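Visitor: I am new to this one. Could you show it to me and walk me through it?

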Amino acid sequence: MKHRYLPMTETDKKEMLDTIGVNSIDELFSDIPESVRFNGEYQIKPAKTETALMKELTLMAQKNADLRSHTSFLGAGVYDHYMPIIVDHVLSRSEFYTAYTPYQPEISQGELQAIFEFQSMICELTGMDVANSSMYDGGTALAEAAMLSAGQTKRKKVLISSAVHPESKEVVKTYAKGQYIDVIEVPHKDGVTDVDALKEMIDDEIAAVIIQYPNFFGRIEPLKELEEIIHAEKAMFVVSSNPLALGALTPPGKFGADIVAGDAQVFGIPTGFGGPHCGYFAVTNKLMRKVPGRLVGQTVDEEGRRGFVLTLQAREQHIRRDKATSNICSNQALNALAASVAMTALGKKGVKEMALSNIQKAHYAKQLFKAKGFEIAFEGPSFNEFVIKLNTPVKEVNMKLLEKNMIGGYDLGRDYSDLKNHMLVAVTELRTKEEIDTFVNEMGDYHA
Amino acid sequence: MHKDDQALIFELTKPGRIGYSLPEMDIPELDINELIPAGYVREEEAELPEVSELDIMRHYTALSNRNHGVDSGFYPLGSCTMKYNPKINENVARIPGFAHLHPLQDESSVQGALELMYDLQEHLIEITGMDQVTLQPAAGAHGEWTALMMVRAFHEANGDHKRTKVLIPDSAHGTNPASATVAGFETITVKSDENGLVDLEDLKRVVGEDTAALMLTNPNTLGLFEENILEMAEIVHAAGGKLYYDGANLNAVMSKARPGDMGFDLVHLNLHKTFTGPHGGGGPGSGPVGVKADLIPYLPKPILVKRDDQYVLDYDRPQSIGRVKPYYGNFGINVRAYTYIRSMGPDGLKAVTEYAVLNANYMMRRLQDSYDLPFDRHCKHEFVLSGKRQKKLGVRTLDIAKRLLDFGYHPPTIYFPINVEECIMIEPTETESKETLDAFCDAMIQIAKEAEENPEIVQEAPHSTVIGRLDETLAARKPVLRYKKQ
């Protein structure tokens, strides 16, 4: 068998077998009992050449309606944003992408420093003291936040706003089952967390309250008011946040959040059919030693040169084993690098400009819909998403839009039984005036 | 700052420089204070860098030059399967029809993506010998935990609430016990015998009606095949427990033995190991889980089904453990793994395992005179040595690892598994040539000699890296975890 990934020649093989002292490779498998031996070959597709496979998979990809050839107004947690072209050039440096976790700092300074910079940028945006090196995604990061809170407060109930991303809510609930934590939903009122309901529900048995900012409906939650209610009962204040929005909005750290978690997909990471994205996790100094996942810290070598290492590893699974409070091991390092490059390219000015552009363009679209006679559900301050009421099922409308090379908004009826025929529309900085105008026109008479 | 310090990107900042080109603001702008309530408009700007595009490229190029990847040189890191990451995988993953899909688009507009996922599942079902596979878990540890949550749901659905314990061999990776704990189980350690295999007597002693599952890696982390696997399966199944296969690395058994045929009920795979998703400096990975038929109802939702030639995401799964991740897993990594499997075919995957095992055995035999070999029998894809002979000379395994850096190699895994003193765990993989293996063995043999004749050179290594051994105590005692503008 000859293959471009397999360098051994027949001569090599023979010399190696001689050194080992066996006659055939088969002998090396003699410890696998006959009763469990798999004989023969897998019934799977035969190998394809490079060219043939590339062709087949390109054709397969063309069956999909991608965001490069379609104009998207779909968000709901995953966004079509400006991706500085330089990001992929950095990511393609294979010293980064073919490396393992930086366990040997002397030959991993590049990765370690890049992650240290990522941690620093996340701290800056969220207004928090400490950020880890990344989590799988925003949903599992929230689940870890719930578990950390339960461990820290020794309480077993978590309140989660119904205006948190529905799939994240589901993930939190799955993890909570494992830890015997009860997750109770706080209803929303007019598209933001119902403050009166929260006051009723919170007591000294609540470990944490999870709020999303901006929330799933695009609305800006009143963090100041919520913080006072939550901390009055010494519960942890957990905020799930779109880090791009924090370029323009007051960061949760300023409002006294204990944990800020979310997804950095908005920074240079393709929508990629939902993954891999890049969860982030940031906390106050007080919680530094409770953070799940890897942390990179600064130190020096014998000659006083600055260097970086994985640190505070006593928290982690490979040291603590069954005493570990999180089992995360692999994270999203390469995507954290992508996010770092994008945050660097945007920089201090660009991240603000981009965030403001989202607010402005979404607001423009919202006004246009209103002028067309659409009713905006949950009217109020919002980031780059808002909800419109339709007279037709959202799925039907989206099928029509698809024919015009447009991807419509999210069908809220999938998750909220009282929001049938409600579409969550996302407008990012990428959408031009012309695209927005065309979209609103195509939506024509679907208003309720 | 030391003169050799690599600047942080923040230290390159110069106010007024930019590195972006945002789309035009082609709509009438309003006063932000009219759109966002008072107190919610950010006042202090986030202190992100202010640099030009060339500054960025030079910075990250400099960082990449301070990093060792598989493309830089040999990376025999045991249990991590640092094989070549094929370049076609990267190209396929970047095709717009895969890279730029939104997970919440209408199913009719993503049939190609669903087809790829479905066919990958079919391939993994055949490779593992299981009945169904979910691609949702994002990484190996995530897959372990997902599988254990399914074990819990299975027992609970049978009204069997007393099964609170998971059995784990002492040679297991630390994620096994951690995943069991996060899934709400107590863990019980099963001892290894003098041959490095699970001690059957100890297994019989600890197994019982409170056993939820046994977690096992086969071949185990010592690189040895658990020959008594069927007997172990019988013991656990007779007690009513489930058998879980940590398939983090399948490189040793592809086409030779399948977890499903060995009696396992659940298996997780790390597609970023055997199936060449790159490691990315620590992730992202992908950790699919395969199960036998009786566990299918508990799979995370949605599951992917084929109805009338259409691929459909089925959310109507009343017994499912629920979602373990938003959307459908790390699709981009799954695309790479699928591309790899289709590049290899059945005979290719078989050759992968054969060469991975040949290479490991060859290195083991070349090194057995210079280092202690705790288990003298054929290994599978990896093997362990012990540095205890060198330790007596004052040279620790850590020193040997650091000395290897001077030869341009990434060192093997060290001090794991924890049941071998001064452990050195070597996994060459099948993509390395004999010349590379020989050169590495020569370096290891030279270091063993140095330990005898000139131990200081090993103890004080590395001598040629951009930075020396770092003060890890300082890092932990006075943590500096971020840059802060002075």
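Visitor: How many residues does the contact take from chain B and from chain A?

Guide: Happy to start there, and please keep in mind that this is a predicted model. On the chain B side, 88 of the residues touching chain A are nonpolar, 51 are polar and 32 are charged. Altogether, the contact takes 171 residues from chain B and 175 residues from chain A.

Visitor: Which helix of chain B gives the most to the side that touches chain A?

Guide: Look for a helix that contributes 22 residues to that side of chain B. Residues 331-367 of chain B form this helix, and its name is helix 10.

Visitor: What is the strand order of the open sheet in chain B?

Guide: Let us begin at the edges, where a strand pairs on one side only: these are strand 1 (132-134) and strand 3 (186-190) of chain B. The sheet has 7 strands with mixed pairing, and the twist averages 25° from one strand to the next. Its order is 1-7-6-5-4-2-3.

Visitor: Which residue in strand 3 of chain B is the bridge partner of Leu167(B)?

Guide: Strand 2 (residues 165-169) of chain B pairs with strand 3 of chain B in the parallel sense, over 5 bridges. In strand 3, the partner of Leu167(B) is Ile188(B).

Visitor: Which helix of chain B packs on the sheet, touching strand 2 and strand 4?

Guide: The helix you want also touches strand 5, strand 6 and strand 7 of chain B. Its direction makes about 165° with that of strand 6 of chain B. Spanning residues 140-157 of chain B, this is helix 6.

Technical notes: Residues are numbered from 1 along each chain as its sequence is written. Chains are lettered from A and ligands numbered from 1 in the order in which they are written. This is a predicted model: local features need pLDDT of at least 70, side-chain atom pairs count only at pLDDT 80 or more; totals for chains, interfaces and linings use all residues. Two residues are in contact if their C-beta atoms, placed from the backbone, lie within 7 Å. Helices (H or I, at least four residues) and strands (E, at least two) are DSSP runs, numbered from the N terminus. Ala, Val, Leu, Ile, Met, Phe, Trp, Tyr, Cys and Pro count as nonpolar, Asp, Glu, Lys and Arg as charged, and the others, Gly among them, as polar. Two strands pair if DSSP finds at least two bridges between them. Axes are lines fitted to C-alpha atoms, for helices over the stretch in contact, and angles run from 0 to 180 degrees between N-to-C directions.
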